[in-house]
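Subject: Structure handover

Hello,

Here is the structure, with the sequence alongside. My notes on what was found in it follow below.

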Amino acid sequence: MTKVITMYLPQYHETEENNKWWGKGFTDWHSVKTSTVLYEGHRQPRVPLNEHYYDLSNVEEIQWQASLAKEYGVYGFGIYHYWFSSQQRVLTKPAELLLKHKEIDMPFFLAWDNNSWVRTWSKYKHNTNAWSPKVDANIDEIKTDDGILAKLEYGDEADWKIHFDYLNQFFADERYIKIDNKPLFIIWNYTQKDTLKKMCAYWNELAKESGYSGMYLVSRLNPYDSMDCFDALFTYEPMFSAWQNKNIFNRIANKIIDQFNMKNDLTIFDYDQVWASILSHARKNVGKNIMYGGFVSYDDSPRRGSNGKVITGETPQKFEKYLSELLAISKEQQKEFVFITAWNEWGEGAYLEPDQEYKHDFLEALKNAINKNE
């Protein structure tokens with residue numbers, strides 16, 4: 001049976017970096033609460049059920065998330081890992097709390113989002129992520145520096161050892177997901193390939209010295225990737241099927257824009273069309289070592305304002321139907337996991353957690369899709 005992994009954002013708690021970069025007490029909840037309606041029928045702002053704007057420095061909230069996810073059939077969390085160098089890492093507290101509290105019954109693994117973080121205006125464009133463009137736009141000191149908040153630096157073998165030793169405390173946890181005695185670890189971007197190959201080879205040696213059969217390394221599929229040092233690839237959705245196939249949806253997007261007379265730069269996609277692309281791609285990859293992704297819904301305008309991307313037309317019924325088909329395809333092809341975006345990406349409108357509008361309906365849809373494929 002193919003298992004469902006939901007990607008998990010370890011945000012929503014006060015950090016020194018958030019305070020410095022975007023203001024005292026900033027978390028993604030700020031972006032969610034201040035989102036606005038940009039066209040007729042736009043589902044913003046999204047409000048958690050009972051206005052449950054949780055704080056992930058509180059372990060009871062992580063326990064609540066894990067219990068809720070397990071109740072509705074989630075096998076495990078893929079927790080984003082933000083490591084920039086051996087001297088800098090951020091948003092580590094939720095994963096470290098999970099590690100400390102063995103009573104929380106939730107398998108997990110780490111997914112390294114190996115990007116630099118920059119301001120929206122930064123001219124440094126190599127492998128970067130602008131986390132909160134809407135907030136950046138209101139910062140007075142803009143454009144006076146290089147805009148680099150945290151720079152990704154792989155370093156040398158000594159740095160790789162520091163990183164591995166940090167990861168290894170998670171690998172040793174019995175809840176950490178392993179395939180054939182190899183800890184599962186996603187490396188999001190396959191850039192600086194020569195360095196990554198050397199680092200991965202070194203990590204495999206260290207993993208074997210630690211009693212594993214190596215590491216099970218996975219990277220995000222894009223049209224330019226090959227397997228190289230990875231055991232498998234996966235499709236991060238909706239990025240793979242929508243963003244990288246944008247021309248497919250232009251005609252639909254233009255019709256929607258015309259219909260609602262939008263006066264902004266939103267990029268609009270259609271839910272049914274994106275899922276059709278996901279399923280079509282999955283059916284064509286029999287025998288290839290690619291695991292598939294799906295998504296609940298998507299709208300990153302809370303973070304990006306009128307420059308965001310929105311996928312319209314989602315319903316719990318559609319999500320259940322499409323996810324059930326993807327699980328059936330994955331089961332037939334003997335794929336280990338399906339990765340869902342996401343458990344709690346509220347700033348991108350991609351979440352399974354209950355909200356005021358749909359309550360637990362998307363979670364019920366998830367459970368039904370899983371049950372159909374047992």
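This is a predicted model, in which local features need pLDDT of at least 70, side-chain atom pairs count only at pLDDT 80 or more, and totals for chains, interfaces and linings use all residues. Residues are numbered from 1 along each chain as its sequence is written, and side-chain values use heavy atoms, with hydrogens and water left out.

Overall

The chain holds 12 helices and 18 strands; these are DSSP runs (helices H or I, at least four residues; strands E, at least two), numbered from the N terminus. Of its 374 residues, 59% count as buried. Buried here means under 20% relative accessible area, exposed means over 50%, and partly exposed is in between, with a 1.4 Å probe and protein chains only. Among contacts in the chain with a separation of 6 or more, 76% are between residues 24 or more positions apart; contact means heavy atoms within 4.5 Å.

Two packed helices are described by the angle between their axes and the distance between the axes. The axes are lines fitted to C-alpha atoms, for helices over the stretch in contact, and the angles run from 0 to 180 degrees between N-to-C directions.

Helix α6 (residues 157-171) and helix α7 (residues 193-209) have axes that come within 10 Å and cross at roughly 50 degrees. The two are therefore oblique to each other. On the scale used, angles under 35 degrees are roughly parallel, over 145 roughly antiparallel, 65 to 115 roughly perpendicular, and the rest oblique. On the α6 side the contact involves Glu157, Trp160, Lys161, His163, Phe164 and Leu167, and on the α7 side Thr195, Lys198, Met199, Tyr202, Trp203, Leu206 and Ala207. By class, the residues of this contact are eight nonpolar, two polar and three charged. Ala, Val, Leu, Ile, Met, Phe, Trp, Tyr, Cys and Pro count as nonpolar, Asp, Glu, Lys and Arg as charged, and the others, Gly among them, as polar.

Helix α6 also packs with helix α4 (residues 93-100), at an angle of about 45 degrees and with the axes 10 Å apart. This pair, α4 and α6, is therefore oblique as well. Ala95, Glu96 and Leu99 of α4 make the contact with Tyr166, Gln169 and Phe170 of α6. The residues of the α4 contact with α6 divide into four nonpolar, one polar and one charged.

Individual helix residues

Ala282 lies in helix α9 (residues 271-283) and is buried, with a relative accessible area of 0%. Leaving out residues up to four places away in sequence, Ala282 touches Tyr292, Leu326, Ile329 and Gln333. Its C-alpha atom is separated by 7.8 Å from that of Ser330, 48 residues apart along the chain.

Ser301, in helix α10 (residues 301-304), counts as buried at 3% relative accessibility. Its side chain is joined to that of Asp299 by a polar contact of 2.6 Å. A polar contact is a pair of N or O atoms within 3.5 Å; within protein, one must be able to donate a hydrogen and the other to accept it, and residues adjacent in sequence count only if both atoms are side-chain atoms.

Lys318 is in helix α11 (residues 316-332) and counts as partly exposed, at 24% relative accessibility. Beyond residues up to four places away in sequence, Lys318 touches Tyr271, Asp272 and Gly313. A polar atom of the Lys318 side chain lies 2.8 Å from the backbone oxygen of Gly313. Lys318 and Ala365 are 47 residues apart in sequence and 8.7 Å apart in space, C-alpha to C-alpha.

Backbone points to check by eye

A cis peptide bond joins Glu237 and Pro238, with omega about 10 degrees; Pro238 is in the loop between β11 (232-234) and α8 (246-260). Another cis peptide bond joins Thr341 and Ala342, with omega about 5 degrees. Ala342 lies in the loop between β16 (337-341) and β17 (344-345).

Asn50, in the loop between α2 (28-33) and α3 (59-71), has a positive phi near 60 degrees, in a residue other than glycine. Asn50 counts as exposed at 64% relative accessibility. Glu51, in the loop between α2 and α3, has a positive phi near 50 degrees and counts as exposed at 53% relative accessibility.

Regards
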